[in-house]
Amino acid sequence: MSLEQIVVLALIQGITEFLPISSSGHLILVPTLTGWPDQGILADVMVHMGSFLAVVVYFWRDCVFLLKGTFDLIRGKANPWGKLAMLILLGTIPAVVLGVILDLTGFMDTVRHMPQIVAWNAIIFGTLLYLCDRYGHSIRRMSDMTLSPALIIGVAQAIAIIPGTSRSGITMTAGRALGFERPEAARFAFLLGIPAIAGAGMLKLGDAVSSGEVISLDVVLIAVFTFFVALGTITILMKLVRHVSFLPFAIYRILLGVVLLGLIYSGIPLGTVN
């Protein structure tokens with residue numbers, strides 16, 4: 001990969017992975033607008049690892065407390081952090097189950113070649129993001145998280161396996177629909193995403209190893225760039241959600257979907273979703 005391609009892909013992944021605007025909707029435009037070849041499985045692994053490390057670094061205190069709470073639970077000592085760790089673990093299960101089912105049925109291989117799904121999901125879930133944020137109550141905080149909302153948000157995260165949905169977007173949407181304050185909905189969405197992003201990275205790593213890819217300087221660089229871009233994105237978003245609604249993101253998503261549909265129905269070939 002050229003340095004230009006490395007920087008562009010890192011910017012797209014680092015920004016769109018955590019903003020509620022659909023990373024797949026943007027990645028599908030890259031080969032169309034640039035003519036670049038696919039970056040390869042290993043590059044996909046490294047951008048996921050860069051994103052994963054960014055979340056862990058930003059929420060390092062939460063991660064430490066979650067780990068401590070987990071060990072306390074193992075020793076038979078219940079505490080709020082141990083409870084939250086278990087809720088995050090349980091909330092991850094729907095995505096794992098649905099991911100296995102879709103992979104076994106070949107569904108994901110099919111939708112990767114259907115950019116119209118990305119376009120329509122960008123519009124539909126962008127609209128839902130606005131409605132749930134606009135009309136959802138702000139009466140719950142992280143301390144109010146119980147099994148039911150954790151599983152509901154987990155099911156929402158599972159739906160995000162379908163390209164164009166946006167993992168961060170749909171989990172924040174579900175959180176707002178359930179009455180969680182905007183910053184708390186975003187915080188839980190990011191913490192819930194840690195095992196999901198790590199799991200996706202490990203799966204892609206297995207694919208890369210089986211295909212015989214080797215680690216080169218360009219894939220290391222893309223991981224490093226993605227980390228810093230993602231860390232900056234999370235920092236900015238967590239500040240924004242304290243003062244700004246999700247309306248700008250919803251509008252952007254709808255416009256993105258309209259642009260994709262325009263390209264599709266004009267006959268311009270679009271790339272596949274990674």
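## Overall fold

Read along the sequence, the chain follows the pattern α-α-α-α-α-α-α-α-α-α-α-α-α. The secondary structure comes to 13 helices and zero strands; helices (H or I, at least four residues) and strands (E, at least two) are DSSP runs, numbered from the N terminus. This is a predicted model, in which local features need pLDDT of at least 70 and side-chain atom pairs count only at pLDDT 80 or more, while totals for chains, interfaces and linings use all residues. Residues are numbered from 1 along each chain as its sequence is written, and side-chain values use heavy atoms, with hydrogens and water left out.

The C-alpha atoms of the chain fill a box of roughly 55 × 45 × 35 Å along the principal axes.

## Burial and contacts

Of the 274 residues, 50% count as buried. Buried means under 20% relative accessible area, exposed over 50%, and partly exposed in between (1.4 Å probe, protein chains only). The accessible surface of the chain comes to about 12900 Å², and 72% of this belongs to carbon and sulfur atoms. Accessible areas come from the Shrake-Rupley method with a 1.4 Å probe; for residues, only the protein chains shown count as cover.

Among contacts in the chain with a separation of 6 or more, 83% are between residues 24 or more positions apart. Contact means heavy atoms within 4.5 Å.

## Nonpolar cores

The largest nonpolar core has 41 residues, of which Val-55, Phe-188, Phe-190 and Ile-234 touch the most other members. Two or more residues of this core come from each of α4 (41-58), α5, α6 (80-105), α8 (115-135), α9 (147-159), α10 (167-177), α11 (182-210) and α12 (217-240). The most is given by α11, with nine residues. A nonpolar core is a set of buried Ala, Val, Leu, Ile, Met, Phe, Trp, Tyr and Cys residues joined through side-chain atoms within 4.5 Å.

Leaving aside residues up to four places away in sequence, Ile-234 touches Phe-18, Ala-54, Val-55, Tyr-58, Phe-59 and Phe-190. A second, separate core of 16 residues includes Ile-6, Ala-10, Ala-208 and Ala-223.

## Nonpolar surface patch

Leu-90, Ile-93, Val-97, Ile-101, Leu-147 and Leu-151 form a nonpolar patch on the surface, with about 460 Å² of accessible area together. Patches are made of residues with over 30% relative accessible area and no salt bridge; like charges are joined within 9 Å, and nonpolar side chains (Val, Leu, Ile, Met, Phe, Trp, Tyr) within 5 Å. At least two residues of the patch come from each of α6 and α9, and the largest share, four residues, is from α6. Ile-101 lies in helix α6 and is partly exposed at 43% relative accessibility.

## Salt bridges

The structure holds eight salt bridges, each being a side-chain nitrogen of Lys or Arg within 4 Å of a carboxyl oxygen of Asp or Glu. Lys-68 and Asp-72 meet in one of these (3.4 Å, N to O). The two residues are separated by about one helical turn because they are four residues apart in helix α5. Asp-72 also forms a salt bridge with Arg-75, the closest N and O atoms being 2.5 Å apart. Asp-72 is buried, at 7% relative accessible area, whereas Arg-75 is exposed, at 54%.

Arg-141 forms a salt bridge with Glu-181, the closest N and O atoms being 3.0 Å apart. This pair links distant parts of the chain, 40 residues apart: Arg-141 is in the loop between α8 and α9, and Glu-181 in the loop between α10 and α11. Arg-141 is partly exposed at 42% relative accessibility, and Glu-181 is partly exposed at 23%. A network of salt bridges links Asp-62, Arg-141, Glu-181, Glu-184 and Arg-187.

## Two individual sites

Glu-213 is placed in the loop between α11 and α12 and counts as partly exposed, at 33% relative accessibility. Not counting residues up to four places away in sequence, Glu-213 touches Gly-40, Ile-41, Leu-42 and Ala-208.

Trp-60 is found in helix α5 (residues 60-74) and is partly exposed, with a relative accessible area of 45%. The C-alpha atoms of Trp-60 and Gly-14, 46 residues apart along the chain, are separated by 18 Å.
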